[in-house]
Amino acid sequence: MSAVKTPEQLHTGLTPRQISMMGLGGAIGAGLFVGSGQAISIAGPAVLVSYLIAGTVIIVIMAMLAEMVAANPSSGAFSTFAGKAMGRSAGSTLGWLYWIQLVVVIAAEATGAAAITAGWIPSFPQWAWVLSFVVILTGANLLGVRNYGRFEYWFAVIKVAAILAFLAFGVLVLTHVIPTPEAIGFANLAAHGGFAPGGMAGIAAAVLIVIFSFGGTEVVSIAAAESKDPAGNIKRVVKSVMLRILFFYLGSILVIVALVPWNDPAVVDGPFAAALNVIHLPGVGFLMNAVVVVALLSAMNANIYGSSRMLYSLGQRKLAPSAVTHVTGKGVPSKSVISSVAFSFLAVGLNWIWPDAVMPILLNVVGSTIIVIWSFIAVTQLILRRRADRNGEHLPLRLWGFPGLSIATIVVLAAIVAIAMTDPAARTQLLLTGGLTALIWVVSKLVLRDENSEAVDS
């Protein structure tokens with residue numbers, strides 16, 4: 001398939017299969033392979049309810065994005081839509097917030113992967129691993145969107161294969177096809193304090209952790225703009241991929257809480273490894289660490305892509321320096337790519353000076369950004385859909401249950417924020433993110449006001 005230029009000079013080199021796998025792989029990351037253990041330790045087996053709540057929210061959010069993308073494909077995606085709904089300051093705020101989140105997360109993911117691989121080859125320092133990952137994936141993104149799509153496709157294939165193998169293993173153990181030292185069934189779902197040992201409070205607290213596991217799926221709304229059929233591709237993603245993600249998440253967590261007591265300390269350290277250890281498989285720790293590295297590098301690759309396209313879109317809308325709109329002959333916004341990974345090179349130095357503290361600091365800075373972004377998306381969709389209906393506009397895709405479902409989603413997101421404010425750690429992250437959002441909004445208002453004043457004076 002030939003790469004076709006859009007009017008914005010980006011190439012439509014992504015195939016429907018690649019976009020589908022990007023959507024599927026985007027949500028299957030370290031949040032599932034590692035973070036799920038903390039959620040299980042809080043809610044017990046009832047963490048399944050937490051995943052169902054969070055999964056339902058992200059399916060609706062993706063359906064909202066699909067409606068807006070189908071009507072107006074854009075590399076700025078939800079930032080562009082927010083600008084149309086609430087003005088240029090809102091679009092600028094959301095775009096820059098998303099970009100800042102991703103550039104920090106890129107560095108954090110490189111650091112996390114390097115922390116694991118450095119243990120495999122101690123003679124190769126952690127900072128050198130970070131540098132290697134950043135250089136390789138930056139190169140992959142600079143070689144063209146089709147090259148990025150290939151990388152992300154195979155990363156996703158590995159993660160999906162790992163999940164499918166894990167689910168098959170769990171079924172075989174639970175049905176006693178694979179023998180274990182002690183008979184294992186579904187007794188762990190009700191033992192050790194019952195199905196919901198933490199009650200509704202435990203389920204709600206786990207939702208705060210689980211909700212972040214689904215971050216990353218929104219990149220498909222950006223990627224759709226670089227495909228030949230944005231409306232059709234985004235429709236396929238929402239109709240099939242999101243349900244598969246729910247299946248993978250709920251299926252994996254069900255296997256874990258059925259095979260291993262939810263209060264086993266090993267679950268927090270590595271839930272998948274703890275489940276595999278019930279039959280004492282050799283090399284389980286190394287195998288799961290390898291999958292986590294792939295998950296982190298996959299997310300990092302996607303975030304380099306997403307952040308560069310968002311910065312490019314900001315430049316196109318004159319919300320960022322015009323230099324970032326430069327596009328190479330391969331259809332790559334190269335200066336946006338380099339700008340987006342620049343912070344990761346700083347992280348290389350931080351890893352050399354302060355190797356054990358970089359990851360926690362970086363993650364705390366952007367801990368609650370996804371909640372703000374999802375809230376912006378929900379409010380934006382509500383405004384644009386009402387405007388379209390009022391003006392009699394045709395929409396290729398329409399969110400079902402409007403406006404009730406849109407309003408309910410906003411209420412649920414507000415409830416999640418309210419619950420998070422009762423937890424000291426979550427409250428700190430929310431306040432930091434809120435402060436960052438407010439700062440970006442103020443700067444955007446001032447810059448745009450100055451631009452308007454100059455336009456009037458001229």
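## Chatting through helices, a cavity and a cis peptide

Colleague: Let's start with the cavity. What classes of residue are in the lining of the largest cavity?
Modeller: By class, that lining has 4 nonpolar, 3 polar and 1 charged residues. Bear in mind that this is a predicted model.

Colleague: Thanks! Which residues line the largest cavity?
Modeller: The lining is made up of Tyr98, Leu102, Gly216, Glu218, Val219, Ala302, Asn303 and Gly306.

Colleague: And which helices each supply at least two residues of that lining?
Modeller: Those are helix H5 (88-120) and helix H13 (284-316). The largest share comes from H13, with 3 residues.

Colleague: How much space lies in the largest cavity?
Modeller: About 40 Å³. The count of cavities of 30 Å³ or more comes to 1.

Colleague: Switching to helix packing: how do the axes of H2 and H8 cross?
Modeller: Helix H2 (residues 30-43) and helix H8 (residues 199-213) have axes that come within 8 Å and cross at roughly 175°. Angles over 145 degrees count as roughly antiparallel, and H2 and H8 are therefore roughly antiparallel to each other.

Colleague: Which residues meet there?
Modeller: On the H2 side, Gly31, Leu32, Gly35, Gln38, Ala39, Ile42 and Ala43 take part. They meet Gly202, Ile203, Ala205, Ala206, Ile209, Val210 and Ser213 in H8.

Colleague: New topic, H16. How far does helix H16 reach from its first C-alpha to its last?
Modeller: Helix H16 (residues 369-391) reaches 33 Å with its 23 residues, close to the 33 Å expected at 1.5 Å a residue.

Colleague: What comes just after H16?
Modeller: Gly392 does, and it takes a positive phi of about 70°. Further on, Pro403 is found in the loop between H16 and helix H17 (404-420).

Colleague: What kind of peptide bond joins Phe402 and Pro403, cis or trans?
Modeller: That peptide bond is cis, with omega at about 5°.

Colleague: One last thing: what phi does Ala77 have?
Modeller: Ala77 has a positive phi of about 45°, although it is not a glycine. You'll find Ala77 in helix H4 (residues 77-86).

Key
Residues are numbered from 1 along each chain as its sequence is written. This is a predicted model: local features need pLDDT of at least 70, side-chain atom pairs count only at pLDDT 80 or more; totals for chains, interfaces and linings use all residues. Side-chain values use heavy atoms; hydrogens and water are left out. Axes are lines fitted to C-alpha atoms, for helices over the stretch in contact, and angles run from 0 to 180 degrees between N-to-C directions. Helices (H or I, at least four residues) and strands (E, at least two) are DSSP runs, numbered from the N terminus. Angles under 35 degrees count as roughly parallel, over 145 as roughly antiparallel, 65 to 115 as roughly perpendicular and the rest as oblique. Contact means heavy atoms within 4.5 Å. The expected span of a helix is 1.5 Å times one less than its number of residues. On a 1 Å grid over the protein atoms alone, a cavity is a set of points where a 1.4 Å probe fits but cannot get out, and a pocket is an open set with protein on both sides within 12 Å along at least five of seven lines; lining residues have an atom within 4 Å of a point. Grid points are joined across faces, edges and corners, and a volume is the space filled by probe spheres set on the points. Ala, Val, Leu, Ile, Met, Phe, Trp, Tyr, Cys and Pro count as nonpolar, Asp, Glu, Lys and Arg as charged, and the others, Gly among them, as polar.
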